[in-house]
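Trainee: Before I rely on the words used for this model, could you take me through what stands behind them?
Mentor: Gladly; let us look at the entry together.

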Amino acid sequence: AAMAARCRLAARFHHIHGANIRLDASHTQATRVESFANGLCFSQEPLAPGKIFLVEIEEKELGWCGHLRVGLTAHDPQSLEVVPEYSLPDLVNLGDTWVFAITRNHNRVVVEGEEVQARGRPWEPFLLIERVRIPRDTLVGRSRPGRYSHLLDDLYKTNVLPATARRSRIGVLYAPQPDGTADMHIVINGEDMGPSARGLPTARPLYAVIDVFASTKSVRVIPVDYGFPSLQTLCRLVIQKHVVHRLAIDGLDLPPLLKSFCQHE
């Protein structure tokens, strides 16, 4: 129960953040309100081993070069005298921080003599990262349903977005290794990019780093159910099962927030 509560806390943004960031009341949405920098955010709590911190890109802003930056840090956000302007290079230069810029191409880190393993098929129901097992459907970002999208559900489910697009989902986690260290993995729309950094210290708490940088203006934390689905997820499935298609949810006599949750893939 304590671990479950800790994971729920981790699925929010920390109250310590960059000068240009504004959080919503739930601390699950982070928006950069001006400029292109000072958009650094952290998870509210350290991540548990194998637990992903997942965000969805909600808003983009034209006119800037660069995209979202994601990673991990061993620095407690409350210990920072000043939140750095940039994750790269400022936060990384403090040490014990591993951050990567998200682009359309994301390379794996391969140890000499190691072969890159083939990635799993995108339609497999679970993403497997070493001993970590994550439901893939939650990890995959897709465009919002259109007026006639209920006629194209099969196509809709396989219509994976580019990494830097609106509605794209990007997450970070660490997988402990036999030598006592950990590998950092970045997951983009349900696809594991492989170890992006190795040798992370597991003896220290590791916080997720989300830098809402340049053309990325707003992101939202997406909760991920492990094992048994949550009660709210089960309620959503029941509602979706008893409507003709997703757009019919608009006509139900439900609170707006519940409607939004039920329509959310």
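What follows is a conversation about the terms applied to this model and the values behind them.

Mentor: This is a predicted model, in which local features need pLDDT of at least 70 and side-chain atom pairs count only at pLDDT 80 or more, while totals for chains, interfaces and linings use all residues. Residues are numbered from 1 along each chain as its sequence is written, and side-chain values use heavy atoms, with hydrogens and water left out.

Trainee: How many helices and strands are there in the protein, and what makes a stretch count as one or the other?
Mentor: The protein has six helices and 13 strands; helices (H or I, at least four residues) and strands (E, at least two) are DSSP runs, numbered from the N terminus.

Trainee: Why is Arg169 called buried?
Mentor: Buried means under 20% relative accessible area, exposed over 50%, and partly exposed in between, with a 1.4 Å probe and protein chains only. Arg169 has a relative accessible area of 2%, so Arg169 is buried. Arg169 lies in strand E9, and its side chain makes a polar contact of 2.7 Å with the side chain of Glu56 and reaches the backbone oxygen of Thr138 at 2.6 Å. A polar contact is a pair of N or O atoms within 3.5 Å; within protein, one must be able to donate a hydrogen and the other to accept it, and residues adjacent in sequence count only if both atoms are side-chain atoms.

Trainee: Are Cys41 and Cys65 buried or exposed?
Mentor: Cys41, at 1% relative accessibility, counts as buried, whereas Cys65 is exposed, with a relative accessible area of 73%. The structure holds zero disulfides, a disulfide being a pair of cysteine sulfur atoms within 2.5 Å.

Trainee: What makes a set of residues a nonpolar core?
Mentor: The set must consist of buried Ala, Val, Leu, Ile, Met, Phe, Trp, Tyr and Cys residues joined through side-chain atoms within 4.5 Å. The largest such core has 31 residues, and those with the most contacts inside it are Phe13, Phe53, Ile210 and Val219. Strand E10 (181-188) is among the elements that give two or more residues to this core, and E10 gives the most, with four residues. A second, separate core of eleven residues includes Leu54, Leu127, Val187 and Val224.

Trainee: Which residues does Val219 contact, leaving aside its neighbours within four places in sequence?
Mentor: Among them are Phe13, Gln29, Val55, Leu68 and Ile210, where contact means heavy atoms within 4.5 Å.

Trainee: How do you know which strands belong to the open sheet?
Mentor: Two strands pair if DSSP finds at least two bridges between them. Three bridges join E1 to E2, and three bridges join strand E2 (residues 29-32) to E13, so that both links meet the requirement of at least two. The open sheet has seven strands in the order E1-E2-E13-E4-E9-E10-E11, with antiparallel pairing.

Trainee: Why is one side of E1 and of E11 left without a neighbour in the sheet?
Mentor: Strand E1 (21-23) and E11 stand at the edges, each with a single partner strand, so one side of each has no neighbour there.

Trainee: Where do Ile21 and Gln29 stand in these pairings?
Mentor: Ile21 stands opposite Arg32 in E2, and Gln29 stands opposite Arg220 in E13. Gln29 and Thr31 point one way from E2, while Ala30 and Arg32 point the other way, and all are buried.
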